[in-house]
Amino acid sequence: MAEPDRTERGRKLPPGVVATVAVLVLAPVVALLWVGSYAREEPRLWGFPFFYWYQFLWVFIASACTWLAFVLVRNARRDRGGDR
Amino acid sequence: MNEVDYVALTIVLVLFAFVTVVGFVAARWRRAASLASLDEWGLGGRGFGTFVTWFLLGGDLYTAYTFVAVPAAMYATGAVSGFFAVPYTIIVYPIIFVFMPRLWSVSHRHGYVTPADFVEGRFASRGLGLAVALTGIVATMPYIALQLVGIQAVLEVMGIGGAENIILRDLPLFVAFAVLAAYTYSSGLRAPALIAFVKDFLIYLVIIVAIIYIAVEIGFGTIFDAAEQKMTATNPNTGAPTGSFIPPPSQYLAYASLALGSAMALFMYPHSITAVLSSSSRNVIRRNAAILPAYSLVLGLLALIGFAAIAAGTQPIGLDGKPNAQLVVPQFFEDSFPSWFAGIAFAAIAIGALVPAAIMSIAAANLFTRNIYRAYFEREASPAREAAISKVVSLVVKLGALAFVLTLDRQNAINFQLLGGIWILQTFPALVFGLFTRWFHRYALLAGWAVGMLYGTISAYQQSSPITRHFGRSLDEVPFIGDLGYIALTAFVLNLLVATVLTYAFRAAKVPEGTDATSPSDYHADAGDPRIKPIPELTDDAKAATT
């Protein structure tokens, strides 16, 4: 049977946390798939065309976003007396 | 360049001997009472903390072939065929952040070792499990073969492998593989986990030195200018530009779909899932999703070596006298650095091939044992029997990969790997959507998978390039849009459409849906949960490693 497969009560994250985490997780995906927003040569940085350094920059931004999402989820679970 | 570089060769041999010892010693690392179960042999006791998992996943996902092929693609045709690897390996982590912890939890509750185990349990369908398992095995085999191609590239630049005699020519490859097979057999997943430390240390060292060299000796402005000149020049054979320096609007879809499709596919590969399931808790996975992009940075910098080689005028010519772009990275190191450092770079690539090859063969063997042998031949196989079978199958898988490389054209391995990426993405709906919902009907998923496989295979077969008549590229015109897009993603959309429509149809026809073996709370269970099987010998150092 197709049962409603929802997070069990007590484990459910607060809606604010869910929304923030969703933004943090989606931001890198949207930014990098939107190729038209960065397929340019100028401005160059240390000889790198914009197209290249912008994507390198996202390595760091994406990493920070994911880390923040991790911390938010962990703290929210901890507050609810969950398992860490 | 046809002379053997003995200094480089000696360095490679010494480092190779070192990791061989490490591989055998690994059996004693975090010693378990016995390696005679798939949990121990095939998942390293499921107890790796953040630190080990980071190295293991890094060593597993960023393979020798990647390190050879991505710069080669940059060298030959530029950004769309090569640099998409950077956005691809960035967006893969938010994606796994969302679904991997759920797979970890449900797998630990139910003792699932492979993705096909989960699909079988969730949808009560051995057929769907078999489809996922077979896809995983056929997609992984050519991937292992390509690791050998990576080793071959290094050997060729060192001047080895030119002998006419087939035995002599391929002897180094035989030796490398025999050694790999032996310690994987005896140590299981612990061997690649320990060797990954050596591999990653070497890779980071090599890339840092290379980037400093490029910055100081050549200059980044120069390499990008040289690349721009080469890529925008007209190719006399096709009348079109040689490649793409910065993708034009007509290639935005190609670039984005390659990045997204590859990112979605990466963690469908059984070897990725094996490495994730060997971690000790959900948080280890989430933390790793945040720190693994460090490797994406390395991959991006390595990609630039393809451009640096253009500026440096590197001539990647094989021992047969024909140009071969795959040799561009080893050739660049051979030309630009003293022999001893080139030797370290070669060793980094060769050892980089061993880690993923070991994990891939373990993962493929686990799939065979759990989802083919146990599901169809011996329902009551004991854990010891499963481990024994997996060990033998891992040898068979590696022999198969070796035969692949030695008997078939190298181009075939690349073609099949391209197909593998298309195929493996077709297991995404059953696995990832299955983690969140049981809305899809099991037979609808199976039909969607079949349609996606068929469409992807035919579409890839029809692509010709100046080098090959078939499987020339992974891009094809997307129906209704017209621009080029990644075939795997188009096939995936088709797969999803079929699965959705048929789900309504099967439900209307009241086709039985089977009983779900999992329950909603299974998807959140974490280490310490009473229903998670504790692994006492590992919980202590797992904790030490995570803090």
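How many salt bridges does a search of the whole structure find over all chains? The search finds two, a salt bridge being a side-chain nitrogen of Lys or Arg within 4 Å of a carboxyl oxygen of Asp or Glu.

This is a predicted model, in which local features need pLDDT of at least 70, side-chain atom pairs count only at pLDDT 80 or more, and totals for chains, interfaces and linings use all residues. Residues are numbered from 1 along each chain as its sequence is written, chains are lettered from A and ligands numbered from 1 in the order written, and side-chain values use heavy atoms, without hydrogens and water.

Select B:Asp117 and B:Arg370 to begin: they form a salt bridge whose closest N and O atoms are 2.9 Å apart. B:Asp117 belongs to helix α7 (residues 115-123) of chain B and B:Arg370 to helix α17 (residues 339-376) of chain B, 253 residues apart; helices are DSSP runs (H or I, at least four residues) numbered from the N terminus.

Next, display chains A and B together. Here 43 residues of chain A are in contact with 54 residues of chain B (heavy atoms within 4.5 Å). The two chains bury about 4100 Å² between them, 68% of it on carbon and sulfur atoms; buried area is the accessible area (1.4 Å probe) lost on being put together, summed over both parts. Across this interface the rule finds zero salt bridges.

Finally, select residues 6-25 (α1) and 190-218 (α10) of chain B. In α1(B), B:Phe18 and B:Val22 are among the residues that meet a group in α10(B) including B:Leu194 and B:Val198.

How values were computed:
Axes fitted to C-alpha atoms, helices over the stretch in contact; angles between N-to-C directions. Helix = DSSP H or I, 4+ residues; strand = E, 2+ residues; numbered from the N terminus.
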